[in-house]
Amino acid sequence: MSSVRPWRDIERRKSRQIMVGNVAVGGDAPITVQTMTNTPTEDVAATIDQIRRCEDVGADIIRVSCPTEESTANFDKITRAANVPIVADIHFHYKRALEAADKGAACLRINPGNIGSSERVAEVVRAAKANGCAIRIGVNAGSLEKDLLEKYGEPCPEALIESALDHIKLLQDHDFHEYKVAVKASDVFLAVAAYHGLAEAVDCPLHLGITEAGGLIGGTVKSSIGIGSLLWAGIGDTIRVSLSAEPEQEVKVGFEMLKALGLRTRGVRVVSCPSCSRQGFDVIRTVETLEKRLEHIKTPMSLSVLGCVVNGPGEARETDIGLTGGGSSKHMVYLSGVKDHHIESEDMLDHIVRLVEEKAAKIEAGEAEAFDPHKVAAE
């Protein structure tokens, strides 16, 4: 049966599925959102605290760097405390991979090529198999092998893809197939082209990211262009938004990308206007406050907040709860797309929060469904 709105459809690339702990990656599994801790891993308490904050905003998988023997000494305390799978980030020191695998890592992030000899790669594979670990091959334009740089002259899509294929072969030679692959670059064009090429060459799950993307605003823009275009093309099974910001922000941005593309929903999707002189209330401050006060809502639903009646009613008809600014500090509230009642400015924030919380509770209890205007239109 053809889609009612084919222009909204995304046909995902067919990849085989692997397990990262108890989280499925690839195949028909939901696209997962990852982040990485930035606390010293040796500080177990601080690392666990940060993991908790990332879990609270929805992280599906969390990566933890293991650069030293001290960082893996108490790694089992971290993996046991976490409620999501932990990926051990390994560079150069293959023994750290062995230690992390033995202490509960669900996945090892490595470049097989920089682990060392084939014997060392074999040891890592044996540890991964013995402990049920997946492996993530992480190719990065900033750390390509010297022979590939000499061959191609600079980081280019072909070089990243060749590096990935070489690393895949190293694992396959040891009969290991529970892997996913990333070919990251800080250059959006380079990363996107490399992922497109790799997607055609392999059937494994792909981990998306624009590496070293920048700060919260600049990095979000670059990541949204790069990761967003790939997701729109159906490429990608798990994502990490790399920002010079707290890891919780990476998770939030990742979910917003997936929500915008209709690939995943979590929490309140806010539709709001940029505001202008027609606004009946301070839209910017209202949205800032509502987003903060509604962070605890995990139930997928929608809220529109528009300052006037130009586009307000139209957007409100598309959301669970809508707020449209009116005159004399009196504003219209819509419920499930239908005009329902007025609210005064001084009561507005508490009232909207209460309505959202009540609707979320009903959805969770099975007493209501999130409003779908497209379903209503189709009927």
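The model is a predicted one, in which local features need pLDDT of at least 70 and side-chain atom pairs count only at pLDDT 80 or more, while totals for chains, interfaces and linings use all residues. Residues are numbered from 1 along each chain as its sequence is written, and side-chain values use heavy atoms, with hydrogens and water left out.

Both strands sit in an open sheet of eight strands with parallel pairing, ordered β8-β7-β6-β5-β4-β3-β10-β9. The edges of that sheet are formed by β8 (179–184) and β9 (207–208), each of which pairs on one side only. Across β3, β4 (61–65) and β5 (86–89) lies helix α1 (residues 44–56), which runs at about 155° to β4; axes are lines fitted to C-alpha atoms, for helices over the stretch in contact, and angles run from 0 to 180 degrees between N-to-C directions.

Elsewhere, helix α10 (residues 216–232) and helix α11 (residues 247–260) have axes that come within 10 Å and cross at roughly 40°. That angle makes α10 oblique to α11, where oblique covers what remains once angles under 35 degrees (roughly parallel), over 145 (roughly antiparallel) and 65 to 115 (roughly perpendicular) are set aside. On the α10 side the contact (heavy atoms within 4.5 Å) is made by L216, T220, S223, S224, I227 and L231, and on the α11 side by Q249, V253, M257 and L258.

Two individual residues complete the tour. K359, found in helix α14 (residues 348–364), is buried, with a relative accessible area of 12%, and touches M301, D320, I321, S336, A368, E369 and F371, not counting residues up to four places away in sequence. E99, in helix α4 (residues 94–102), is partly exposed at a relative accessible area of 22%; buried means under 20%, exposed over 50% and partly exposed in between, with a 1.4 Å probe and protein chains only. With residues up to four places away in sequence not counted, E99 touches E69 and T72. Between E99 and A360 there are 261 residues in sequence and 43 Å in space, C-alpha to C-alpha.

Notes. Helix = DSSP H or I, 4+ residues; strand = E, 2+ residues; numbered from the N terminus. Pairing = 2+ DSSP bridges.
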